Amino acid sequence: MAHDSLLEIKNLMTHFHLHEGIVRAVDGVSFDVRRGQTLGIIGESGCGKSVTVHSILRLVPSPPGNIVDGQILLHQGENGMGAGAIDLAQLDPRGAQIRAIRGAEISMVFQEPMTSFGPMHTIGNQIIETILLHQEGVESSDARALAIDNLRRVGIPRAEQIVDAYPHQLSGGMRQRAMIAMALSCTPRLLIADEPTTALDVTIQAQILELLMALQEEVGMAVIFITHNLGVIAEVADEVAVMYLGRIVEQASVNELFDNPQHPYTQGLLNSIPHIDEEKLPRLRAIEGVVPDPYEIPSGCAFSDRCPSFMPGTCDRAMPALDETVSGHRVRCFLYSDVEEGLVEVENGG
Amino acid sequence: MLTQYIGRRLLLLIPLVLIISVISFVLIQLPPGDILNMEVLRLRSAGTQVSEEEVEALRQLYGLDKSLPEQYWLWITNILFKGNFGTSFTYVKSVSEILAARVPLTAAVSVLTAIFVWVTAVPIGVYSATHQYSLVDYFWTFVSFIGVATPGFLLALIFLWLAFVWFDISAIGLFSQQYETAPWSWAKLVNMLQHIWVPIVIIGMANTAGMMRTMRGMMLDELNKQYVITARSKGLTETRLLVKYPVRTSMNPVFSTIGWMLPGIISGEVLVSMVLNIPTTGPVLLQALLNQDMFLAGSIVFILSVLTVVGTLISDILLVWLDPRIRYESVA
Ligand SMILES: Nc1ncnc2c1ncn2[C@@H]1O[C@H](COP(=O)(O)OP(=O)(O)OP(=O)(O)O)[C@@H](O)[C@H]1O
Ligand code: SF4
Ligand SMILES: [Mg+2]
């Protein structure tokens, strides 16, 4: 594995055991997050993006959710090899070890700026709480000053006053800035941003993205950035993973993925962006069909029921493996490789 | 801002109290006939001669010959300006004298019951919500259904019977015999506290059961909210984050339930106090209503209603003070 890996996820499986059956929300996901870099995750609603990142911080509610297999290695030292790694998947989700990592080493920014802060306490109270929790030897008066500094850093005007504001007194954009301030208050090594701009309008969205990228440069942290929006991914990500039904179907560097999309699903996603510069009228080409019900995933390739390149006898027989086709470019599709996924998929077919 | 709000609410209290007084007065006048008719009937059936003139004299004495509005006016002005609630026909005593000891007791039982309800229902509701579908959750769900469905007086009877059968004690009353007529003293207060938990638990049962369900439901809603996950993602311990965030948010509707809890407690108190023979206003109210002892009944209804309104006001102010969202939006 690359020497500069910060987080290595290997064959992660997070399943929900419900009355109706098992939802395999994350079903064998592997990826690396490198120090200081941004991994973008895209995919349609319900493909398991949030569950994947919630699994990292062990925030998946249990019951019904369980990490049934896989490793989530958080590397400690700079060289990132072996000994200094903690497997987050093995930790007690309520234990002291994961709590020391949450908010300090890995922190998270969520989609809903409306509800991300508790409504009954001031913004400052909630940021100070994080600081006092993780930074030893900081007095509460210092913590307040730190909170104000953090608010100022994310571009909040009149930070000395906003620190005493309640969440509902701020606009969505301001709240999301405050959220970022809170997430960065303990200088994490990894920031997970789960659709941080989806709920904001376009101009605010652009400002927040710019802010995130500037802060990333300043702090030198790694980022996992989840979004539906390919334009956003193109702007922020170094590496991109495309997810479909709990699995990564394609992964490559951002340039490679946009120049040379291989998986029919990725191609479909890219085609669904309106091209204004085209001579014809701009047109949105959505992918045919809908995401299948989690209990009725097609046998063989999970995308087979919507795939325009579907090959009968091949695609419905087995699940293609995520295989490297070009250096650093992995694709899960029989058009490029005939390697099949391991035995796990056989039971999936039934 | 908050003081303005309190001031406005206090001003609103004045018309509200007047309306309550009218309603209390009208309600006790509603049944046909009056106390005199009943008294005369009783005397005559006992063989006593009562002349029409004597009846008329009594009628004038109590002001019953006047029109209803006049009667009301006399009644309310006496209360407001002289603190005189009139005279009870049946007790032949001033209403103030009868109620002097009983109203504070009713208030004490009600407030303590409300506290009991909170202290038990909130933690159980929180536990049930955070352990949804666990055995403990099912147990309390079962208990709460029973609690809601069982009338308080029945519980009181069962309790009396059990106390008698198992411990050979009589759980009746609020004081041990030696204190019943004694003047108030430290020892009497302690003695009362030793007895008062019985009616409190029994009256509180139904409310606790209801409140438990409310708290559980509120918590279940709050637990799924983003801010709880945010708090968890910061590294807080589960207990700390629960208490600081979702419990705190869920408490608000619970605070606001004081308003409807108090009347419930007070009316529940009537029957339970009858059964347990507790010297609160309840038993007197029932008796007064049966006897059409209008000044007594009217005064009790009036006083209890005013107390309820004041209790609700206090809970509203508490709510505004505790919830920043209300503080800055509706009040501003
Ligand atoms: N608490 C839960 N209980 C049961 N199923 C769940 C739970 N959380 C997620 N799932 C299921 O897991 C699957 C993946 O959900 P996830 O939230 O990861 O999707 P997502 O890719 O983040 O979608 P979106 O873009 O809408 O946020 C979905 O089928 C969802 O129904
Ligand atoms: S494996 Fe077959 S069905 Fe699946 S994406 Fe490739 S071509 Fe389409
Ligand atoms: Mg999501």
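In this predicted model, helix α1(A) gives the most to the shell around ligand 1, with three residues. That shell holds 16 residues. Ala25(A), Ser45(A), Lys49(A), Ser50(A) and Val51(A) come nearest to the ligand. Two or more residues each are supplied by β1 (5-18), β2 (21-34) and α1 (49-56) of chain A. By class, the shell around ligand 1 has nine nonpolar residues, six polar residues and one charged residue.

Ligand 2 is surrounded by 13 residues. The closest are Cys301(A), Ser304(A), Cys307(A), Cys315(A) and Cys333(A). Here 11 residues are nonpolar and two are polar. The shell around ligand 2 has no charged residues.

The contact between the chains takes 24 residues from chain A and 20 residues from chain B. On the side of chain B that touches chain A, the elements giving two or more residues are α9 (226-233), α10 (238-256) and α14 (324-328) of chain B. Helix α9(B) gives the most to this side, with seven residues. By class, the side of chain B that touches chain A divides into seven nonpolar, six polar and seven charged residues.

An unreviewed UniProt entry places the feature "transmembrane region" at residues 12-30, 105-127, 139-167, 192-210, 254-276 and 296-322 of chain B. Two of these spans were examined in the model. Residues 12-30 of chain B are 95% helix and 0% strand. The end C-alpha atoms of this span lie 27 Å apart. Residues 192-210 of chain B are 100% helix and 0% strand. The end C-alpha atoms of that span are likewise 27 Å apart.

The largest nonpolar core comprises 164 residues. Leu151(A), Leu190(A), Ile224(A) and Ile300(B) touch the most other members. Helix α5 (residues 95-130) of chain B provides the largest share of this core, 13 residues. Leaving aside residues up to four places away in sequence, Ile224(A) touches Val33(A), Leu39(A), Ile41(A), Val53(A), Leu190(A), Ile192(A) and Ala193(A). One of these partners, Leu190(A), is itself among the core residues that touch the most other members. Two further partners of Ile224(A), Val33(A) and Val53(A), fall within β2 (21-34) and α1 (49-56) of chain A, which both contribute to the shell around ligand 1.

Conventions: Residues are numbered from 1 along each chain as its sequence is written. Chains are lettered from A and ligands numbered from 1 in the order in which they are written. This is a predicted model: local features need pLDDT of at least 70, side-chain atom pairs count only at pLDDT 80 or more; totals for chains, interfaces and linings use all residues. Two residues are in contact if their C-beta atoms, placed from the backbone, lie within 7 Å. Helices (H or I, at least four residues) and strands (E, at least two) are DSSP runs, numbered from the N terminus. Ala, Val, Leu, Ile, Met, Phe, Trp, Tyr, Cys and Pro count as nonpolar, Asp, Glu, Lys and Arg as charged, and the others, Gly among them, as polar. A residue is near a molecule or strand if its C-beta atom, placed from the backbone, lies within 6 Å of it. UniProt positions are given in the numbering used here, feature names are shortened, and annotations may be inferred rather than shown by experiment. A nonpolar core is a set of buried Ala, Val, Leu, Ile, Met, Phe, Trp, Tyr and Cys residues joined through C-beta atoms within 7 Å. A residue is buried if 20 or more other C-beta atoms lie within 10 Å of its own, exposed if 12 or fewer, and partly exposed in between; C-beta atoms are placed from the backbone.
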